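Dear colleague,

Please find the structure below, handed over for your own work.

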Amino acid sequence: MIEIHLAKPDLSTVDEAFLQTAVERTLKFLKQTEMDITLRLTDDEEMQQLNQTFRGEDKTTDVLSFNQDSLDPETGRTYLGDIVISLPLAEKQAAAQGHSLTAECAFLAIHGTLHLLGYDHDEPAEKEAMWSLQDQIFSEISKIKEAR
């Protein structure tokens, strides 16, 4: 199950169903379907606080992932963790890339899910592998969005 939370009600300008599809398709692509994730859409202020607290960087960022990787004894499913996306920063990036806010948030949700699954981009080979997966999954879900 993918849960989406809005930090503030006025942040609801994104197609939440499409974000859910992005996360679900990422899990399915990597054959990790029995996992639950929470996706939080927030503002730059909260994101800066989270980035400072958990990464020691006093600035906003586009996406953060917090791995939990714990088994829910009631459902038998793994709670993989939380993904937090800054909508203001995503909006700026979407404008720079020439696509919608929803598309940018979907891309960031894919990125965050890959981090929860253990992918990283610190080393050039890791980055190449992660970017390749992101692009493949984003391309697949973009076709779904166009078909709607």
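Asp 69 is placed in strand β3, where strands (E, at least two residues) and helices (H or I, at least four) are DSSP runs numbered from the N terminus. The phi of Asp 69 is near 45°, a positive value in a residue other than glycine. Most residues other than glycine have a negative phi. Lys 31 also has a positive phi, of about 55°, although it is not a glycine. Lys 31 lies in the loop between α1 and β2. With a relative accessibility of 71%, Lys 31 counts as exposed; exposed means over 50% relative accessible area, buried under 20% and partly exposed in between, with a 1.4 Å probe and protein chains only.

Please note that the model is predicted: local features need pLDDT of at least 70 and side-chain atom pairs count only at pLDDT 80 or more, whereas totals for chains, interfaces and linings use all residues. Residues are numbered from 1 along each chain as its sequence is written, and side-chain values use heavy atoms, with hydrogens and water left out.

The sheet

An open sheet of four strands has the order β1-β2-β4-β3, with mixed pairing; two strands pair if DSSP finds at least two bridges between them. Its edge strands, β1 and β3 (63-71), each pair on one side only. On average, neighbouring strands are turned by 15° against each other, direction ignored. β2 and β4 run parallel and are joined by eight bridges. Within β4, Ile 83 is the bridge partner of Leu 39.

Helix α1 packs on this sheet and touches β1, β2 and β4, and its direction makes about 140° with that of β1. Axes here are lines fitted to C-alpha atoms, for helices over the stretch in contact, and angles run from 0 to 180 degrees between N-to-C directions. α3 lies across β2 and β4, running at about 65° to β4.

The helix pair α3 and α4

The axes of α3 and α4 come within 8 Å and cross at roughly 110°. The two helices are therefore roughly perpendicular to each other, a term that covers angles of 65 to 115 degrees (under 35 is roughly parallel, over 145 roughly antiparallel, and the rest oblique). The crossing of α3 and α4 is right-handed, that is, the near helix is turned clockwise from the far one by less than a right angle. Leu 87, Ala 90, Glu 91, Gln 93, Ala 94 and Gln 97 of α3 make the contact with Leu 101, Glu 104, Cys 105 and Leu 108 of α4; contact means heavy atoms within 4.5 Å.

The cores

The largest nonpolar core has 33 residues, and those with the most contacts inside it are Leu 19, Ile 37, Leu 39, Ile 85 and Cys 105. Such a core is a set of buried Ala, Val, Leu, Ile, Met, Phe, Trp, Tyr and Cys residues joined through side-chain atoms within 4.5 Å. Among the elements that each supply at least two residues are β1 (2-6), α1 (16-29), β2 (35-42) and α5 (124-147). The largest share, nine residues, comes from α4. A second, separate core of five residues includes Met 47, Leu 50, Leu 64 and Phe 66.

Finally, Thr 26 is placed in helix α1. Thr 26 is buried, with a relative accessible area of 0%. Not counting residues up to four places away in sequence, Thr 26 touches Ile 110, Thr 113, Leu 114 and Ile 137.

With kind regards
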